[in-house]
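The following paragraphs walk through the structure shown below.

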Amino acid sequence: MNPATQRFSVRTSRREEYVDITDSVRSAVRAAGVTDGICTVFIPHTTAAVTINENADPDVQRDLVHAFARAVPNTGFHHSEGNSDAHTKTAMTGSSAVVIVEGGQLLLGTWQGIYLCEFDGPRTRQVWVKAVG
Amino acid sequence: MNPATQRFSVRTSRREEYVDITDSVRSAVRAAGVTDGICTVFIPHTTAAVTINENADPDVQRDLVHAFARAVPNTGFHHSEGNSDAHTKTAMTGSSAVVIVEGGQLLLGTWQGIYLCEFDGPRTRQVWVKAVG
Amino acid sequence: MNPATQRFSVRTSRREEYVDITDSVRSAVRAAGVTDGICTVFIPHTTAAVTINENADPDVQRDLVHAFARAVPNTGFHHSEGNSDAHTKTAMTGSSAVVIVEGGQLLLGTWQGIYLCEFDGPRTRQVWVKAVG
């Protein structure tokens, strides 16, 4: 077992989008060498988050962007950077996802993928992965 | 200590409801045999989630359904299955809950219960539980 | 390594506010003596939550209060205590945060702080911290 935190980066291309990072998380878990336990995927930013959602129809990710924009309109805020909608969406979505590891593999449902949620891009984002047994 | 992931299923009865799964999670933690550590409750679906909320007045769960429906109206979406509101509520609520285990018991606040959140039922849903020490 | 759950309390001063608890969580992790692993910050209440968000401009926390109040207006509810907005915000934000521990230190991004989210104060709130290696 390798106690180091696994790290990789993701380049986003729009202000708001969902980027599938499932394969990169799988590789990180293999590198960690944990057979049975849990894996934490952590996003060290305050205007990007991580979620687990449908990996089949890309319209779902497009609809998530629409629904969050409607729930959190970017008006009436004080923060001078003009991105308080992104901070709020991050608080609603969460900075970490926890997935079970069994037999060295991520245990996900059939339709689940792990997504970096970009709320204030395009930027280069970091993803940290830590598995414990 | 039993390294296997504990699994159980829940039959929901409406499109949207909160089902108390606290007792089943307690049993899963006992079966895992972990004395001190943390327990992850994971929902392997993309239109159902897990939350920790009030276990006393059932009106709270009814109000949660109302509040999430108002924040995420099911209109203006592209996904052909017509359930993008459910995908969004899942992203807002989360696919996992993490609870501390102490002395072999779940450590919860007085008024806290663990709930499966059904956002697109009725269906049979799976719940996976993994405790690590 | 100390298997006990670390606990501390926070006195809030308004109905809704975000209180930076990063330093207290750091102390709890040091007391736990875990060098490499993950740390769970758990809030044992149903009208308060925990989030990780910007630690620089206090306007961000003020904007979070505004954005959540707009997404979850406190009207149309049945729960007799009159705080179903707070229960909903707790479900949206989450009762736990998971942070990676490396070299005995919390691994956070440059602009990240850990916040207790008070949604129905002022009250005295408990925070439980458990690190596992």
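R7(C) stands opposite W128(C) in β8(C). Strands such as this one are DSSP runs of E with at least two residues, helices are runs of H or I with at least four residues, and both are numbered from the N terminus. The model is a predicted one, in which local features need pLDDT of at least 70 and side-chain atom pairs count only at pLDDT 80 or more, while totals for chains, interfaces and linings use all residues. Residues are numbered from 1 along each chain as its sequence is written, and chains are lettered from A and ligands numbered from 1 in the order in which they are written.

The pair belongs to a longer stretch of pairing. Strand β1 (residues 6-11) of chain C and β8(C) are antiparallel and share six bridges; two strands count as paired if DSSP finds at least two bridges between them. β8(C) also pairs with strand β3 (residues 37-42) of chain C, again in the antiparallel sense, through five bridges. In that pairing V41(C) is opposite V129(C) of β8(C).

The loop between β7 (112-118) and β8 of chain C contains P122(C). The peptide bond from G121(C) to P122(C) is cis, with omega near -5°.

Chain B has a cis peptide bond between G121(B) and P122(B), with omega about 0°. P122(B) lies in the loop between β7 and β8 of chain B. Chain B also shows how a helix is packed. In helix α1 (residues 22-32) of chain B, the buried residues are V25(B), A28(B), V29(B) and A32(B). Viewed down the axis of α1(B), its buried residues fall within an arc of 100°, so they line one face of the helix. The arc is that of the directions from the helix axis to the C-beta atoms. These buried residues pack against β1 (6-11), β3, β5, β6 (105-107), β7 (112-118) and β8 of chain B. After α1(B) comes G33(B), which has a positive phi, near 70°.

Of the 133 residues of chain A, 57% count as buried. Taken along the principal axes, the C-alpha atoms of chain A fill a box of roughly 50 × 30 × 20 Å.

How do the copies relate? The copies use different surfaces, as 19% of the contact residues of chain B recur in chain A. Chain A is likewise superposed on chain C by a rotation of 120° with 0.0 Å of shift along its axis, at an RMSD of 0.0 Å. Here too the surfaces differ, and 19% of the contact residues of chain A recur in chain C. Superposition is by least squares on the C-alpha atoms of residues with pLDDT of at least 70 in both copies.

The last topic is the interfaces. In chain A, 26 residues are in contact with 31 residues of chain C. At least two residues of the side of chain A that touches chain C come from each of β3 (37-42), α3 (84-93), β5 (96-102) and β8 (124-132) of chain A. α3(A) gives the largest share, six residues. By class, this side of chain A has eleven nonpolar, 14 polar and one charged residues. Ala, Val, Leu, Ile, Met, Phe, Trp, Tyr, Cys and Pro count as nonpolar, Asp, Glu, Lys and Arg as charged, and the others, Gly among them, as polar. Between chain B and chain A, 26 residues of chain B are in contact with 31 residues of chain A.

Notes
Two residues are in contact if their C-beta atoms, placed from the backbone, lie within 7 Å. A residue is buried if 20 or more other C-beta atoms lie within 10 Å of its own, exposed if 12 or fewer, and partly exposed in between; C-beta atoms are placed from the backbone.
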